[in-house]
Amino acid sequence: MPRAGLTRDRVVEEAASLADEVGLSRLTLAALADRLGVRQPSLYKHMDSMAGLQRSISLQSKKELGDVLARAAVGRSGADAIHAMSHAYRAWALKHPARYEASNMMPAADDAESAAASLASIQIIADVLAAYELEGDDAVDAIRAFRSTLHGFVSLEAQGGFALPTSIDRSFDRLVHGFAVALSRWTETSDSL
């Protein structure tokens, strides 16, 4: 019988929190069991394997990131929404490094639930970019550019890749502003390619 108060959701949440502290690749079932005050075999009442636990962390993280983006975009459009989503994305990713890593895990080919969670975040971005009247390949290119821009900056920042003495916040603001300006002329650039 599962320990009182220990649920699958609690196991996943504690695993995600522990992974944020030690790194996703350094998460162990022994450390998780210790954190939860149970013996390691007790964890298998709430999950089937380490791979299953990592999938659950990934799924939860994709949903969290989608919620963060949606909350940031509510009531905003255009450049204002781009700025709000970008700052929310960065803050969440830096606060939750392992969850961020897990949110970028590709779903298995037969994992419809994980694929749907991935697409939900992308749809939020697509909805915001709709203000720029982008369609078809132009919209896909803009979504990819937005995600790549944020991911590249956040990944470098998290790894200490910005050692120059200029404000990182200022650099991020300029990056996001530049992307928003580029979006206003996005279809012009596709015509010249």
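Visitor: How are α8 and α9 oriented to each other?
Guide: In this predicted model, their axes cross at roughly 170 degrees and come within 11 Å. An angle over 145 degrees counts as roughly antiparallel, so α8 and α9 are roughly antiparallel to each other.

Visitor: Which residues of α8 and α9 meet?
Guide: On the α8 side, look at A142, A145, F146, T149, L150, F153 and E157. On the α9 side, look at I168, S171, F172, L175, F179 and L183.

Visitor: How many of those are nonpolar, polar or charged?
Guide: The contact of α8 with α9 has 10 nonpolar residues, 2 polar and 1 charged.

Visitor: OK, now α5 and α9. At what angle do they cross?
Guide: Roughly 140 degrees, with the axes coming within 10 Å. Helix α5 is residues 78-95, and helix α9 is residues 168-184.

Visitor: What do we call that arrangement of α5 and α9?
Guide: Oblique. Roughly antiparallel needs an angle over 145 degrees, and α5 and α9 cross at roughly 140 degrees. They are therefore oblique to each other.

Visitor: Is that crossing left-handed or right-handed?
Guide: α5 passes α9 in a right-handed crossing.

Visitor: Which residues meet there?
Guide: From α5 come A79, I82, H83, S86, H87 and R90. From α9 come I168, D169, F172, D173, V176, H177, F179, A180 and L183. By class, this contact of α5 with α9 has 8 nonpolar, 4 polar and 3 charged residues.

Visitor: And α5 with α8? What's the angle there?
Guide: About 35 degrees, with the axes 10 Å apart. The crossing of α5 and α8 is right-handed.

Visitor: Which residues make that contact?
Guide: In α5, they are I82, M85, S86, Y89, R90, A93 and L94. In α8, they are F146, R147, L150, H151, F153, V154, E157 and A158. The classes for α5 with α8 are 10 nonpolar, 2 polar and 3 charged.

Visitor: Let's zoom in on S86. Buried or exposed?
Guide: Buried. S86 is in helix α5 and has 1% relative accessibility. The cut-off for buried is under 20%, so S86 counts as buried.

Visitor: What is S86 in contact with?
Guide: Setting aside neighbours within four places in sequence, S86 is in contact with F146, L150, F172 and V176.

Visitor: New topic: the whole protein. How many helices and strands?
Guide: There are 10 helices and 0 strands. The C-alpha trace spans about 60 × 40 × 30 Å along its principal axes.

Visitor: What share of the residues is buried?
Guide: Buried residues make up 41% of the 193 residues.

Visitor: And what share of the contacts joins residues at least 24 apart?
Guide: The figure is 70%, among contacts between residues at least 6 apart in sequence.

Visitor: Back to the start of the chain. How far does α1 reach?
Guide: Helix α1 (residues 8-22) reaches 21 Å from its first C-alpha to its last. That is close to the 21 Å expected at 1.5 Å a residue for its 15 residues.

Visitor: Which residues of α1 are buried?
Guide: V11, V12, A15, A16, S17, L18, A19 and D20. The buried residues of α1 pack against α2, α3, α4 and α6.

Visitor: What comes just after α1?
Guide: G23 does, with a positive phi of about 105 degrees.

Visitor: Which residue other than glycine has a positive phi?
Guide: E133 is one of them, with phi near 55 degrees. Most residues other than glycine have a negative phi.

Visitor: Where is E133?
Guide: In the loop between α7 and α8. E133 counts as exposed, at 67% relative accessibility.

Visitor: Last one: L36. Where is that?
Guide: L36 is in helix α2. At 7% relative accessibility, L36 counts as buried.

Visitor: What is L36 in contact with?
Guide: L6, R10, V11, E14 and L43, leaving aside neighbours within four places in sequence. L36 and L18 are 18 residues apart in sequence, and their C-alpha atoms are 10 Å apart in space.

Definitions and conventions: Residues are numbered from 1 along each chain as its sequence is written. This is a predicted model: local features need pLDDT of at least 70, side-chain atom pairs count only at pLDDT 80 or more; totals for chains, interfaces and linings use all residues. Side-chain values use heavy atoms; hydrogens and water are left out. Axes are lines fitted to C-alpha atoms, for helices over the stretch in contact, and angles run from 0 to 180 degrees between N-to-C directions. Helices (H or I, at least four residues) and strands (E, at least two) are DSSP runs, numbered from the N terminus. Angles under 35 degrees count as roughly parallel, over 145 as roughly antiparallel, 65 to 115 as roughly perpendicular and the rest as oblique. A crossing is left-handed if the near helix is turned anticlockwise from the far one by less than a right angle, and right-handed if clockwise. Contact means heavy atoms within 4.5 Å. Ala, Val, Leu, Ile, Met, Phe, Trp, Tyr, Cys and Pro count as nonpolar, Asp, Glu, Lys and Arg as charged, and the others, Gly among them, as polar. The expected span of a helix is 1.5 Å times one less than its number of residues. Buried means under 20% relative accessible area, exposed over 50%, partly exposed in between (1.4 Å probe, protein chains only).
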